[in-house]
Amino acid sequence: QPNAKAARKRAVKMRAADAYRARRREEEDCLLVAELEHPLIAQLKLKRSARLDATTWRATEKATGGSISLAKLRESPGDDTTYISIHQQKDGRHDFVCLAHVLRGQTPLRVFDEVEVKSRGRLFYARPRKTQSLAHIDATPTTLWDYPELAPHGTWTNYSVVPWLCLGRTAAVILSDEETLCRELPDERIFEHLRLVINCHQDRPGRAYRAGAPWVSNKSP
């Protein structure tokens, strides 16, 4: 029955289209969370669909742990040089907004390109709450490379060891965001054995790398 077969194909296409639209709606409604190092704010929370509307953002207050409107917070020193990533482009670059602008309720928020802000101040990243970080993505069994004493994945880190490309205990391939490389990470001992960094976006880093060797001894990367 040609007509019945064509109808089934249309039904399959419609279900696929509906599933895609539902997934897109879910992504747009997704809550993004940014962990901050800030005297007043522990976290910032925003909806992806309203990320440029500062009046919709919420903050987790460091002192009480309560969720409050940003209108109740005063600006702190350094807020004008603190930037929050609200979107990652297909090529991996991030779009940032300034924390001071957010606290002032600016709408729509001015968006800064990653290149503009890298050398200006501190960078933080708003990520989907339900999405696992790179540290928890297992593409293959971790028994291929399993040295938690070298890679405990502590606070303020976002990296993943690629086990099937590792040649030994300290000969490992790592996927890492730049913010992790720009922090001093004494507990992440795998970085002490760092020998090569491949930057996907530029020939030289926008900020000094601090995680591990060889630049801990003031050598250039």
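A salt bridge here is a side-chain nitrogen of Lys or Arg within 4 Å of a carboxyl oxygen of Asp or Glu. Keep that cut-off in mind for the last stop but one. The model is predicted.

**Colour by confidence**

Start with pLDDT. The protein averages 80, and 77% of the residues score at least 70. Helix H1, residues 2–28, has the lowest confidence, with a mean of 64. Helix H2, residues 99–103, has the highest, at 96. Now select residues 131–143. Here the pLDDT is below 50, and the stretch makes 14 contacts in the model beyond near neighbours in sequence. Where pLDDT is low, predicted coordinates should not be read in detail.

**Show the sheet**

Switch to cartoon and find the open sheet. Its 8 strands run in the order E4-E3-E2-E1-E8-E5-E6-E7, and the pairing is mixed. Go to the edges: E4 (67–69) and E7 each have a single partner strand, so one side of each lacks a neighbour in the sheet.

Select strand E2, residues 41–47. Of its 7 residues, 5 are buried, so E2 is largely enclosed by the rest of the structure. Look at its two partners in turn. Strand E1 (residues 31–35) pairs with E2 in the antiparallel sense over 5 bridges. Glu-35 stands opposite Gln-43 in E2. A hairpin of 5 residues joins E1 to E2. Strand E3 (residues 58–61) also pairs with E2 in the antiparallel sense, over 4 bridges. Here Ile-41 stands opposite Glu-61 in E3.

Move along to E5 and E8. These strands run parallel, joined by 4 bridges. Pick Ser-85: its bridge partner in E8 is Tyr-125.

Two are worth a visit.

Show Tyr-83 and Phe-112. Their ring centres are 5.4 Å apart and their planes stand at 75 degrees; planes over 60 degrees apart count as edge-to-face, so this pair does too. Tyr-83 lies in strand E5 (residues 82–88) and Phe-112 in strand E7 (residues 112–113), so the pair ties together parts 29 residues apart in sequence. Both residues are buried.

Then show Phe-96 beside Tyr-125. The centres are 5.7 Å apart and the planes at 70 degrees, so this pair is edge-to-face. Phe-96 sits in strand E6 (residues 94–98) and Tyr-125 in strand E8 (residues 122–128), so parts 29 residues apart in sequence are tied together. Phe-96 is buried at 0% relative accessibility. Tyr-125 is buried at 10%.

**Follow the charges**

The structure holds 10 salt bridges. Visit three of them.

Select Arg-104 and Glu-75. Their closest N and O atoms are 2.8 Å apart. Arg-104 is in the loop between H2 and E7, Glu-75 in the loop between E4 and E5, so the pair ties together parts 29 residues apart in sequence. Arg-104 is exposed at 53% relative accessibility, whereas Glu-75 is partly exposed at 37%.

Next, select Arg-210 and Glu-184. The closest N and O atoms are 4.0 Å apart in this salt bridge. Both residues are in the segment after H4, 26 residues apart. Arg-210 is partly exposed at 45%, and Glu-184 is exposed at 60%.

Finish at Glu-37 and Arg-183. This salt bridge has its closest N and O atoms 2.9 Å apart. It links the loop between E1 and E2 to the segment after helix H4 (178–181), 146 residues apart. Glu-37 is partly exposed at 29%; Arg-183 is buried at 14%.

Definitions and conventions
Residues numbered from 1 in each chain as written. Heavy atoms only, no water. pLDDT = per-residue confidence, 0-100. Helix = DSSP H or I, 4+ residues; strand = E, 2+ residues; numbered from the N terminus. Contact = heavy atoms within 4.5 Å. Phe/Tyr/Trp six-rings, centres within 6.5 Å; stacked < 30°, edge-to-face > 60°. Buried < 20%, exposed > 50% of the residue type's maximum accessible area, 1.4 Å probe, protein only. Pairing = 2+ DSSP bridges.
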